[in-house]
Amino acid sequence: MFCPKCGSIMFPRDGKWVCSNCGFEKSIEEKKEIVEEAKEKEMIVISSNAENLPVDDSVVCPKCGNTGAYWMLQQTRAADEPETRFYICTKCGYRWREY
Ligand SMILES: [Zn+2]
Ligand SMILES: [Zn+2]
(Lines give C-alpha, C1' and ligand atoms only; values in the text may rest on other atoms or scores of the structure.)
(Ligands and ions follow the chains in the order given, each with its own letter.)
Protein backbone atom coordinates (compact mmCIF):
# COMPACT_ATOMS: atom_id res chain seq x y z
CA MET A 1 0.00 0.00 0.00
CA PHE A 2 1.50 3.30 -1.10
CA CYS A 3 0.42 6.85 -0.36
CA PRO A 4 -1.53 8.38 -3.29
CA LYS A 5 -0.15 11.80 -2.39
CA CYS A 6 3.60 11.28 -1.95
CA GLY A 7 4.21 7.62 -2.87
CA SER A 8 5.64 6.59 0.52
CA ILE A 9 4.79 3.29 2.20
CA MET A 10 1.59 3.37 4.28
CA PHE A 11 1.03 1.46 7.52
CA PRO A 12 -2.27 0.15 8.94
CA ARG A 13 -3.32 2.00 12.13
CA ASP A 14 -6.74 2.14 13.81
CA GLY A 15 -8.44 0.63 10.75
CA LYS A 16 -6.78 3.07 8.38
CA TRP A 17 -3.74 3.22 6.17
CA VAL A 18 -1.49 6.01 7.40
CA CYS A 19 1.36 7.43 5.32
CA SER A 20 4.73 7.24 7.08
CA ASN A 21 5.87 10.41 5.35
CA CYS A 22 3.07 12.97 4.99
CA GLY A 23 0.44 11.52 7.36
CA PHE A 24 -2.19 10.98 4.66
CA GLU A 25 -4.95 8.59 5.87
CA LYS A 26 -6.99 6.18 3.81
CA SER A 27 -9.75 3.88 5.12
CA ILE A 28 -8.94 0.16 4.88
CA GLU A 29 -12.69 -0.58 4.48
CA GLU A 30 -12.74 1.52 1.32
CA LYS A 31 -10.17 -0.79 -0.25
CA LYS A 32 -12.34 -3.86 0.44
CA GLU A 33 -15.26 -2.27 -1.43
CA ILE A 34 -13.09 -1.80 -4.50
CA VAL A 35 -12.22 -5.51 -4.46
CA GLU A 36 -15.92 -6.45 -4.29
CA GLU A 37 -16.65 -4.17 -7.23
CA ALA A 38 -13.88 -5.78 -9.27
CA LYS A 39 -15.35 -9.24 -8.61
CA GLU A 40 -18.73 -8.13 -9.94
CA LYS A 41 -17.14 -6.74 -13.09
CA GLU A 42 -15.36 -10.05 -13.58
CA MET A 43 -18.68 -11.92 -13.58
CA ILE A 44 -20.14 -9.46 -16.11
CA VAL A 45 -17.19 -10.09 -18.41
CA ILE A 46 -17.75 -13.85 -18.11
CA SER A 47 -21.43 -13.60 -19.07
CA SER A 48 -20.84 -11.28 -22.04
CA ASN A 49 -18.42 -13.77 -23.62
CA ALA A 50 -20.63 -16.85 -23.07
CA GLU A 51 -21.40 -17.42 -26.78
CA ASN A 52 -17.75 -18.19 -27.51
CA LEU A 53 -17.39 -20.79 -24.78
CA PRO A 54 -17.49 -24.59 -25.07
CA VAL A 55 -20.68 -26.35 -23.94
CA ASP A 56 -20.70 -29.30 -21.55
CA ASP A 57 -23.77 -31.44 -22.28
CA SER A 58 -23.36 -33.57 -19.17
CA VAL A 59 -24.06 -30.92 -16.53
CA VAL A 60 -27.51 -29.99 -15.27
CA CYS A 61 -28.41 -26.45 -14.24
CA PRO A 62 -29.19 -26.38 -10.50
CA LYS A 63 -31.73 -23.61 -11.06
CA CYS A 64 -33.90 -24.60 -14.06
CA GLY A 65 -32.90 -28.25 -14.63
CA ASN A 66 -31.74 -27.61 -18.20
CA THR A 67 -29.03 -29.96 -19.48
CA GLY A 68 -26.03 -28.18 -20.98
CA ALA A 69 -23.92 -25.30 -19.79
CA TYR A 70 -21.09 -23.15 -21.08
CA TRP A 71 -17.97 -23.69 -19.04
CA MET A 72 -14.55 -22.15 -18.47
CA LEU A 73 -11.58 -22.58 -16.19
CA GLN A 74 -10.47 -19.67 -14.11
CA GLN A 75 -7.43 -19.41 -11.92
CA THR A 76 -8.31 -18.05 -8.50
CA ARG A 77 -6.23 -15.22 -7.08
CA ALA A 78 -4.51 -17.44 -4.50
CA ALA A 79 -1.65 -19.22 -6.26
CA ASP A 80 -1.90 -22.38 -4.11
CA GLU A 81 -5.55 -23.03 -5.02
CA PRO A 82 -6.51 -25.17 -8.01
CA GLU A 83 -8.34 -23.79 -11.03
CA THR A 84 -12.08 -23.37 -10.64
CA ARG A 85 -14.53 -24.47 -13.30
CA PHE A 86 -17.38 -22.05 -13.91
CA TYR A 87 -20.65 -23.00 -15.59
CA ILE A 88 -23.26 -20.80 -17.26
CA CYS A 89 -26.62 -22.38 -18.07
CA THR A 90 -27.36 -22.25 -21.85
CA LYS A 91 -31.06 -21.73 -21.13
CA CYS A 92 -31.52 -19.39 -18.17
CA GLY A 93 -28.00 -17.92 -17.88
CA TYR A 94 -27.57 -19.01 -14.28
CA ARG A 95 -23.90 -19.05 -13.22
CA TRP A 96 -22.33 -21.37 -10.71
CA ARG A 97 -18.96 -22.89 -9.94
CA GLU A 98 -17.75 -26.39 -9.38
CA TYR A 99 -16.27 -27.07 -5.95
ZN1 LIG B 1 2.19 10.50 1.91
ZN1 LIG C 1 -30.71 -22.89 -16.09
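From the N terminus on, the elements of the protein chain run β-β-β-α-β-β-β-β. That gives the chain 1 helix and 7 strands; helices (H or I, at least four residues) and strands (E, at least two) are DSSP runs, numbered from the N terminus. This is a predicted model, in which local features need pLDDT of at least 70, side-chain atom pairs count only at pLDDT 80 or more, and totals for chains, interfaces and linings use all residues. Residues are numbered from 1 along each chain as its sequence is written, while chains are lettered from A and ligands numbered from 1 in the order in which they are written.

**Confidence**

- The protein chain has a mean pLDDT of 82, and 71% of its residues reach 70 or more; pLDDT is the predictor's confidence in each residue, from 0 to 100.

- Three strands form an open sheet in the order E1-E2-E3, with antiparallel pairing; two strands pair if DSSP finds at least two bridges between them.
- Strand E1 (10-13) and strand E3 (25-27) are the edge strands, each pairing on one side only.
- From one strand to the next, the twist averages 30°, where axes are lines fitted to C-alpha atoms, for helices over the stretch in contact, and angles run from 0 to 180 degrees between N-to-C directions.
- E1 is joined to strand E2 (residues 16-19) by 4 bridges, and methionine 10 stands opposite cysteine 19 in E2.

- Cysteine 3 lies in the segment before E1 and counts as partly exposed because it has 19 C-beta neighbours inside 10 Å; a residue is buried if 20 or more other C-beta atoms lie within 10 Å of its own, exposed if 12 or fewer, and partly exposed in between, with C-beta atoms placed from the backbone.
- Leaving aside residues up to four places away in sequence, cysteine 3 touches Ser8, Met10, Cys19, Asn21, Cys22 and Phe24; two residues are in contact if their C-beta atoms, placed from the backbone, lie within 7 Å.
- Lysine 26 is 23 residues from cysteine 3 along the chain, and their C-alpha atoms are separated by 8.5 Å.
- Proline 12, found in strand E1, is exposed because it has 10 other C-beta atoms within 10 Å.
- Proline 12 touches Trp17 and Ile28, again not counting residues up to four places away in sequence.

**The sheet of E4 to E7**

- Four strands form an open sheet in the order E4-E5-E6-E7, and the pairing is antiparallel.
- E4 and strand E7 (95-97) stand at the edges with a single partner strand each, so one side of each is left without a neighbour in the sheet.
- The twist here averages 40° from one strand to the next.
- E4 and E5 pair over 3 bridges, and valine 60 has threonine 67 in E5 as its bridge partner.

**Burial and the core**

- Buried residues make up 9% of the 99 residues in the protein chain.
- The largest nonpolar core has 6 residues: Cys61, Ala69, Tyr70, Tyr87, Ile88 and Cys89; such a core is a set of buried Ala, Val, Leu, Ile, Met, Phe, Trp, Tyr and Cys residues joined through C-beta atoms within 7 Å.
- Strand E5 (67-74) and strand E6 (84-89) each supply at least two residues of this core, with the largest share, 3 residues, coming from E6.
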